[in-house]
Amino acid sequence: MLVLIDITFEAFPSSIVSLKHMRYLQLSGNARITKLPDAVCTLQSLEILSVDGCVNLEELPRDISKLISLRWLDITTKQTSFPDNGVGCMKSLRYLSIVDCGNLTSLPRDMRYLGALHTLIIGNCEQLDLANGNYQQIPLRLRSLLIGQVPRMVALPEWLQGAANTLRVLCIWGCENLDALPEWLTSFTSLRILDLRECPKLVSLPEGMHRLKVKIEDCPQLKRGI
């Protein structure tokens, strides 16, 4: 385990390649680091990698999909898109957090490979368009999804229907331009919690959502037709 939180170094040593049995690497809050060495991708035992809060990280290593044991990934990056054969191809990934990515315009295009993913968090991504890309319906097994402060989201993305049988918790916070939830949300057989906060344009919920535990906070126009 190596934890270096809020330490202001600019470069990370490539000698990390010698730590072949490391399972946990946390670099959260290192605002000056701009690059991770490609050698990180040789850590075949690594299960947790956190680079959230690394606001000047230019991009993730291109061979990040070689981290075949990775289960948990927290990302903050300046890049506008994820390259192919990268994050979206991490078949063992169970938890993915994409936060404070102000330049990011789209999610990984190859998300269909994230078959083990059960938790997805997307937060404070001003340019992100969740419908940007030919995702169609991705066969996901998501259990929990949190979308917060994604101003370009005006509707839930169609690809979410791929988790209709598994999603249990859906949280939408601070999405200022979301004005409605889709009728297909009522077909989510496992959904139990719907948490809505600070969505000022949201005016109604689909009918037939009475089975859910619905939390509503700071959604002034919402009609509680449940």
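Biologist: Which residues have the most contacts inside the largest nonpolar core?
Modeller: They are Leu-73, Leu-156, Leu-160, Ile-172 and Leu-181, in a core of 69 residues. A nonpolar core here is a set of buried Ala, Val, Leu, Ile, Met, Phe, Trp, Tyr and Cys residues joined through side-chain atoms within 4.5 Å. Buried means under 20% relative accessible area, exposed over 50%, and partly exposed in between, with a 1.4 Å probe and protein chains only. This is a predicted model, where local features need pLDDT of at least 70 and side-chain atom pairs count only at pLDDT 80 or more, while totals for chains, interfaces and linings use all residues. Residues are numbered from 1 along each chain as its sequence is written, and side-chain values use heavy atoms, with hydrogens and water left out.

Biologist: Which strands each supply at least two residues of this core?
Modeller: Strands E3 (48–51), E4 (72–75), E5 (95–99), E6 (119–123), E7 (144–148), E8 (169–173) and E9 (193–197) do. Strands (E, at least two residues) and helices (H or I, at least four) are DSSP runs, numbered from the N terminus.

Biologist: What is Leu-156 in contact with, leaving aside its neighbours within four places in sequence?
Modeller: Leu-156 is in contact with Ile-147, Leu-170, Ile-172, Leu-178, Leu-181, Pro-182, Trp-184 and Leu-185. Contact means heavy atoms within 4.5 Å.

Biologist: And Met-90, where is its place?
Modeller: Met-90 lies in the loop between E4 and E5. Its relative accessibility is 2%, so Met-90 counts as buried. Beyond its neighbours within four places in sequence, Met-90 is in contact with Ile-64, Ser-65, Leu-67, Leu-70, Leu-73 and Leu-114.

Biologist: How many residues apart in sequence are Met-90 and Met-153?
Modeller: Met-90 and Met-153 are 63 residues apart in sequence, and 25 Å apart in space from C-alpha to C-alpha.

Biologist: Changing topic, how many disulfides does the structure hold?
Modeller: The structure holds 0 disulfides, a disulfide being a pair of cysteine sulfur atoms within 2.5 Å. Cys-101 is in no disulfide, and its nearest cysteine sulfur, that of Cys-125, is 4.7 Å away.

Biologist: Is Cys-101 buried or exposed?
Modeller: Cys-101 counts as buried, at 0% relative accessibility. Cys-125 is also buried, at 0%.

Biologist: On to charges: how many salt bridges are there?
Modeller: The count comes to 3 salt bridges. A salt bridge is a side-chain nitrogen of Lys or Arg within 4 Å of a carboxyl oxygen of Asp or Glu.

Biologist: Where do Asp-84 and Arg-109 sit in the chain?
Modeller: The side chains of Asp-84 and Arg-109 meet in a salt bridge at 2.9 Å, N to O. The pair links distant parts of the chain, with Asp-84 in the loop between E4 and E5 and Arg-109 in the loop between E5 and E6, 25 residues apart. Asp-84 is partly exposed at 42% relative accessibility, whereas Arg-109 is exposed at 54%.

Biologist: What does Asp-195 form a salt bridge with?
Modeller: Asp-195 pairs with Arg-197, the closest N and O atoms being 3.0 Å apart. Asp-195 is buried at 4% relative accessibility, while Arg-197 is partly exposed at 28%.

Biologist: And which residue meets Lys-66 in a salt bridge?
Modeller: The partner of Lys-66 is Asp-63, at 3.8 Å, N to O. Lys-66 is partly exposed at 46%, and Asp-63 is partly exposed at 38%.
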